[in-house]
Structure formats: structure tokens, C-alpha cells
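I opened this notebook to follow how the parts of one structure meet, first inside a chain and then between chains. My entries below record what I looked up, step by step.

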There are 2 protein chains.
Amino acid sequence: MLKQFMVNEEDAIMVQEAPLRETVITVFKKMGVNDADSALAADVLVTADMRGVETHGVSNMLRGYIAGYGNGTLNPNPDWKIVRETGATANIDCDAGLGIIVAPKAMEIAIEKAKNTGVGMVTMRNARHMGMASYHAMMALEHDMIGVSMTSCPPGVLPTFGAEPRLGTNPIALAAPADKEPPFVFDAAMSAVAGNKLGLARRLDSKLLPGWVANAEGEPIMEETDPPAPGYEGPASGYLLPVGGTRELGSHKGYGLMAIVDILGGILSGGGYGANPGRPNFGHMVAA
Amino acid sequence: MLKQFMVNEEDAIMVQEAPLRETVITVFKKMGVNDADSALAADVLVTADMRGVETHGVSNMLRGYIAGYGNGTLNPNPDWKIVRETGATANIDCDAGLGIIVAPKAMEIAIEKAKNTGVGMVTMRNARHMGMASYHAMMALEHDMIGVSMTSCPPGVLPTFGAEPRLGTNPIALAAPADKEPPFVFDAAMSAVAGNKLGLARRLDSKLLPGWVANAEGEPIMEETDPPAPGYEGPASGYLLPVGGTRELGSHKGYGLMAIVDILGGILSGGGYGANPGRPNFGHMVAA
């Protein structure tokens, strides 16, 4: 991890996995989530921390989830259901259930379908935050399968040459078994840096590097700069750039990959894409 | 397209589509390819030119294909066959047939499977050059399906922090229908620039931009530079970088995406990955 995102040792408070997990379970139960789903949600968050993915761990995410349960944008008891289905596919209406709880269930469906037809692909609409995308992809590993997951996020990233955010950071994750070696696991936002990395940088008072964000006119900032103001809507001091940063360095490729995630996670799920007004928060796709 | 890759008007020789197509068909027939396959090969090459993808059109590719038929690395009459099959998947041994001819047949199989199960995914081993990857993905459009294609290429790209090429340029293509709008079509190497773009730059005597290639020690060259010497094996003056260019700008994401293509196109097909000694030239994956 780049030093911009590393917590200073003197600021760090170390906690053990087991009590952290118990605490998180207790918090989810308090939000009205049932016991099994609370344990699952805690596993997703704590697994992220244990893998060093602090952007999507307890300290960076739980606060937002609590706020969501509090203001009604998250449903603690979602009546999620399969809306359409074929031999190798399914489409789920998540009923505003938190993605870290519903996506693992969708991935189980994908794995079962893959056992039968060779591929299982499940899209999710009316969905909420997926957490660390690779958690769901990695579920395929114990079945000796390749897992994929991606999520179409609210817009915070500029298209190449654009000045208004039209795309989410739209991560793609893939996990592949590797026999006696550790599995291959990829999980990355298709923006130059993940949106949650900006939150980390703000907390740590770090500068951003050249090519990560643009100014309010959409021009890539090619020198060190402060993180843009939080919140993607309303006045912000700047926006994230696609991976590649500038057109010359290939930002059109990051732009296209984010659009692909919007298509497979957003439009194909029936949930809409990043810039689509009134869309639900997130659309996901998982596959085995 | 960046000016680095544009032919000067005074050097350009314009030809019409129909006679170009006839000429290419005649050349393939002369190589021993049957009538239907010759027409298909010409359609792939000419379609690339008509879409402005000169890297993968007649002038840049046909010469190499002729050499391949001449030296026996390309089989003009491949006995390609399905080796393994499930409801939603198939694996094809291409018998050293040219990818621009075999991949469309594989895509037809993927489309038929998608009609039945919702997804069709076909991997190809013992395969040769796929041409413009999006040709195959776009075949799905007339069936109102999303098409995907990718190809694991011989190594010419450095991993992040690496000094030896371990990955192919490994393009990913996706085509999605868009009702009354033109379809969405993405097709890009996961290197900073496509390998064939270096050939174009050499022909046009263009400089490469910062962040596209590294020097022989693997250090990204962050100023304008001449294209590296042709040929990826043996002494080269430099190698391609992943999209992103440097670690700070996100080259680890390009590196990971190239590895994903090696997994889905190379390893899953049974053909091996970019750096695997003795592997056949290419492994492909197409899906609908």
C-alpha cells in the first residue's frame, strides 16, 4: 500500500480479530439484523481488515452502514427475491438489503448454477454497498471455481475529458484457485484510486499524487494536491479520474472499464447506471 | 486516435472497401484457406479498417498472417474441435487455426448456449491471433445480447516493478446493444498502448509519450521516446508498461487485468499463460 494510506504507528490502535468481530455482530443486531446475517456482515468487514483492505474494513465502513439503517436507506430485514432466472443466470431484487449480506447469498446461487451448467451469473438491483468486492469472488475458491464480482456505484469519477462525474469507481474483482499456491485475487476500483482511499487520505492528512483527481473544470491535476472535499454531490473541489489519469496515459481505458461495470452490474441488473437519475444506490454482479 | 498513430495525408493511399475485400479473400485462398473461411477472414480485417482500427486491419496484420501460413505456424485447414462442454461452456482446441477465423465460430457456439442457459462462454487453446477482439464480441449484438472477448497474448508487457516481460497486451472487448442508440463497444489492450501501436509508431516515425514503455531495467520512461526495437524476445530497447504506466498512477491495476485475461483466456483454456514456456501463441475466451 502507498504510504499515503498507511496509518501512522503512533496513531494506530490495535485490536484483536475475535473481540472486533463480536463487537461488529452486536452492532448489526442492534440495527435489527438477524443473528446469521449479523455474523455474515461482521465476517465481510473483519475479513477486509485482516486482508489489509482498510478502506472496506470496520473503521471505514461500519459508521456509514449504521447511518443507513438509521435513516431507512438500508433495510435490516430485506425480502430479497429472484425476479428472473435461467439455467446459468438469475436477477435479484435486493429490497434495499446491505450488499455485504445479500451478495454472498447471490454468490451461493451463482456457484450452484455453475455446478450444473459451467457458469453462474447473478445480477442484483435495488442493492446497497457490497463491501470488499473480492469477498464474494473468493467464495468460489473452496469449490475450485473462479469467482467474479463487480459493483456499479454512484457517480464520483469523471469520464475522460469530462468535467461532471458520470461513473462510479466501479471495482472489478476476480479470484482464481491456484492448487498449492495461494489463490490469485484481484480487486480494484477502475478509478485511479478507490473512492474510499480519499476518505483514508483525509483522515491521515495525506496529499494525493499527480493524476488521481481533476480540478472542478475536469483538468487532471498533475501535481500533489489535497483530497477533494467529501461528498460526490454538490460543490466539490474536484473529482476522481479513471485509472490512467490522462487520455495520453490511457484514462479512456479506465473510463471504458467503468462503463462495462455499469452495464453488467447496473443496466443488466435493471437498477440503472451511475449517472441515471433516481437509480438505487448500487447494482452488483457476481459470477462463478 | 492520438496523432502519434495517424498516417500523414501525403503518405496515405486510399483504397475502396470492395476491392480491398476481394484482394484479401484472394490472398487467403492462395494460402490454402477454403472459400467461406477466406471471406470470413477478409471480413474481420476489413471491418477493423472500416472502424478505424488500423492496428488490426489489412495493412498491419495480413503480412504476418501470410508469413504464418508460409512457415507452418498457421494451419489453413484446422480440424478445430470441442474438447470439453457443459450447458453454458465449451473448450475448443483450435488446431493452430487463425483466430480471426475460429473465434467467430466459437462465438456462434457461445451465442447458441446463451439462448439456452442465459450465458455461453467458450475458451480456445492452441489458438492463433484473434484480430480485432471486438469483432467477435459484436456478433452478439444482432441477437440482442452482450458479447465479450479477450485474448491472452505472448509476453511483451512488464509487470509493475518488473524488468522482464511476463504478460501479453491482453485486450478485453465488450459490446452491448443500446436499442435505438449505437451499440456500446469497448476494445482495448490492458497495456498502456497496444503492441501493434508500436508498429504503427515505427512506420510513422512517431515518438511515444511518457508512461507507455520502460527502459531495459524496467524503469518507466516518463518523457517522449522512440518506439522500442521490434520483437519481444531477445534484446529489445524497452518494453510496454501496463495501463497506468507507473505504480503511483495505477499500473498494478493494468497488471492485474492482464493477469485476469491470462487466467480466463490462457489457463482456463488449457493453453497456458503469457510467460509459460512452450505455450501455443494465444489463448482466447469469448462469451455471450
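Entry one. Working on a predicted model, I began with distance and found that the centres of domain 1 of chain A and domain 2 of chain A, taken over C-alpha atoms, are separated by 21 Å. To know which residues these names cover, I noted that domain 1 of chain A spans 15-71, whereas domain 2 of chain A is made of 81-193 + 248-287.

Entry two. I then asked myself how many residues of domain 1 of chain A are in contact with domain 2 of chain A. I found 12 residues on the side of domain 1, in contact with 8 residues of domain 2 of chain A. On the domain 1 side, the elements that give two or more residues are helix 2 (35-50) and helix 3 (58-71) of chain A, and helix 2 of chain A gives the most, with 7 residues. Sorting the residues of this side by class, I wrote down 8 nonpolar, 3 polar and 1 charged.

Next I turned to the two chains, where I found 29 residues of chain A in contact with 29 residues of chain B. Which elements of chain A give two or more residues to the side that touches chain B? I listed helix 4 (99-117), strand 5 (172-176), strand 6 (184-188) and helix 7 (251-267) of chain A. Helix 7 of chain A gives the most to this side, with 5 residues. By class, I recorded 16 nonpolar, 11 polar and 2 charged residues on the side of chain A that touches chain B.

Key. Residues are numbered from 1 along each chain as its sequence is written. Chains are lettered from A and ligands numbered from 1 in the order in which they are written. This is a predicted model: local features need pLDDT of at least 70, side-chain atom pairs count only at pLDDT 80 or more; totals for chains, interfaces and linings use all residues. Domain bounds come from an automatic or database domain assignment. Two residues are in contact if their C-beta atoms, placed from the backbone, lie within 7 Å. Helices (H or I, at least four residues) and strands (E, at least two) are DSSP runs, numbered from the N terminus. Ala, Val, Leu, Ile, Met, Phe, Trp, Tyr, Cys and Pro count as nonpolar, Asp, Glu, Lys and Arg as charged, and the others, Gly among them, as polar.
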